[in-house]
Amino acid sequence: MTGHAEKAAAFAANESRTHWHDESLWFVRVKRDRQAASIPEWEALREAASAIKTHTLSRLADYLEEFERNATANGIHVHWARDAAEHNAIVHQILASHNVTRLVKSKSMLTEECHLNPYLEARGIEVTDTDLGERIVQLRKEPPSHIVLPAIHLKKEDIGELFHIELGTEKGASDPKYLTEAARGHLRSKFMEAQAGLTGVNFAVAETGGVVVCTNEGNADMGTSLPPLHIACMGMEKLIPRAEDLAVFLRLLARSGTGQPVTTYTSHFNGPLPGGEMHVVIVDNGRSRILGQPTFRSSLGCIRCGACMNTCPVYRRSGGYSYGYIVPGPIGSILAPQRDPEKYASLPFASSLCGSCTDVCPVKIDLHQQLLAFRKKLVDLKVVPLQKRLGMAGLGFVLSRPWLYRMSGSLLRAVMPVLPRGLVYGAWNRWGVQRELPAMPKESFRDLIGKELS
Amino acid sequence: MPSVGLFIPCYVDQLYPQVGLATLRILRRLGFNVEFPPEQTCCGQPMANSGCDAAARPLAERFLAIFGKYDHVVAPSGSCVSMVRNHYDHWLHGKPRFEHLRDNTFELCEYLTGVVKVTKIDGDFPFKVGLQMSCHGLRELRLARSSEQMTAPYNKVRQLLSQLRGIEIVDLLRPDECCGFGGAFAVDEEAVSCLMGRDRIEDHARAGAEVIVGYDMSCLMHLDGLIRRAERAQRVMHVAEILEKAQLA
Ligand code: SF4
């Protein structure tokens, strides 16, 4: 099984493309900085967002029930799904009972997490992702590589080629405006034919029983106003207590994620269309297990803005696919091993622990501390390679014994300089593949201090 | 005068003794009674950062036993000081002298600016300097405002160095991006680590930096290794090596 490092190395091997990827995302980070700086109370907003999420998570069950009561009173059907399988079955059952064969979807990371598309397609339902980036990766039969910018790994030439094959655009076309127009035309016909619309949920408001969806393309509105049936799928952590709390989160979300003051569309769904039906599916799928772990609980406060990806120096140089999980980057590296510690054991180590994610996160999740805490958890679970665990135990043994530490240091400094270069920079030396080792001084500090003080 | 325990991280002791000496000289010239307890080895960070707490914990306990008696502990490393200040709690919580130790262990620059309150620095350093704001010192010790934070800017390293005659501190396109060292990350994720490092060096070069200056020799060792392999002209220096040549008051 290859971990993050191997996939990252393969991505980074194409250095010019990696730099392009890095620059594209850094550009978004810079936009974020500009927007955040324009709000004098930015840090207070982050503090408030964090406090609201901490509070909500501390009595999540109550708020969920309050939401259910109010949503039901609004005429919304509320469903509860323990896991991905239940979620998929519920959605399918709703669609099947309305004889839906064509579904349009706006962006929803949850349905990606649950692998809803293949589930529905296997049951004869055509699913069209209508977010442009999502549609691009769907046509390429790829998962998104970023939670907000699903096709950020693709250049406009790649998209031109894809659209030429899939949508019949001119060969070699790469003008974003032309390609976007083509996609719009294509999606329009999908909207017209759809019998149901599915959306994700950015915020579910307990007090009002409504849900809020933020998009830039208005596709959630198209997908829910044309067909009479709307299904909104949400992780159970998407809740906020009051409508006024939106004032905090909506100011943070787009500024953090894409560097816009606000998303182009902020759609409030408080009930079905006249004559239509609206369903909300609330999904656990492992979330209550995270809720039960104080160290990792705050990761449920994530509003999926993507800022921690944009700022992560590793993500920018390794690409979303190197994580192998639907949510990549720092937050994904905590969420993925919650799901399967063994499979995703390399992710908490795919970080230099620089902490930029922690400082950028609009809800102040201590991301890099959780990455570190997860390393410990993985060592305790013994899913970290034995070699590493033994190596660290050995190092600890040496470092706890001053005489042994001293001797090892002297030996290293004496031997390294006289060894042939070919041996020092042999295959064993991962440090030395692209880097020189430090020059080995004759004497250590502790050898010299006597002379200094006398 | 408070008693000062000098904490010289293991890799500085073994590989960069001149940085240890520079730190010692700076502190002694300021009149401190500096002691270097010879039983010290390592703060435990390499093991702790790999998740191997069982191997790290005895080192934290040793550290407290060795350094707990001093009024202040000073080290030329942001990362190792952050280990003591931010990551010892769950092992040493409630142990005698631990809270004192935690709150009185300082990285050199924060010690000079915040505790000694050095106001005058008399010296020359006629070079273009790029600051490598290593992450743990930056975001865990808050030696400067990080570029993500929307608070009033400050930078304790710049505050010290900018007083030197002839120094020009250059503006980087990415003022505090990680160099890619990250401890075991440097070898576990060798490809990304080295790319991060080369990108940092390029940013410093573009800004015209002749010397890359930092407060963590580990990050500088990584950058220096890349610089020497590529036979580039830049040099790396620890901030103590520069301040050592100046008069501090
Ligand atoms: S963890 Fe924070 S920064 Fe990352 S996506 Fe979630 S809210 Fe955004």
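How far is the sulfur of Cys114(A) from the closest cysteine sulfur, and in which residue does that sulfur lie?

Tutor: This is a predicted model, in which local features need pLDDT of at least 70 and side-chain atom pairs count only at pLDDT 80 or more, while totals for chains, interfaces and linings use all residues. Residues are numbered from 1 along each chain as its sequence is written, chains are lettered from A and ligands numbered from 1 in the order in which they are written, and side-chain values use heavy atoms, with hydrogens and water left out.

The closest cysteine sulfur to that of Cys114(A) belongs to Cys233(A) and lies 7.8 Å away, which is too far for a bond, a disulfide being a pair of cysteine sulfur atoms within 2.5 Å. Cys114(A) is also buried, with a relative accessible area of 4%, where buried means under 20% relative accessible area, exposed over 50% and partly exposed in between (1.4 Å probe, protein chains only). For Cys354(A), the closest cysteine sulfur is in the other chain letter, in Cys135(B), at 4.6 Å, again too far for a bond, and Cys354(A) is buried as well, with a relative accessible area of 7%. A search of the whole structure accordingly gives 0 disulfides over all chains.
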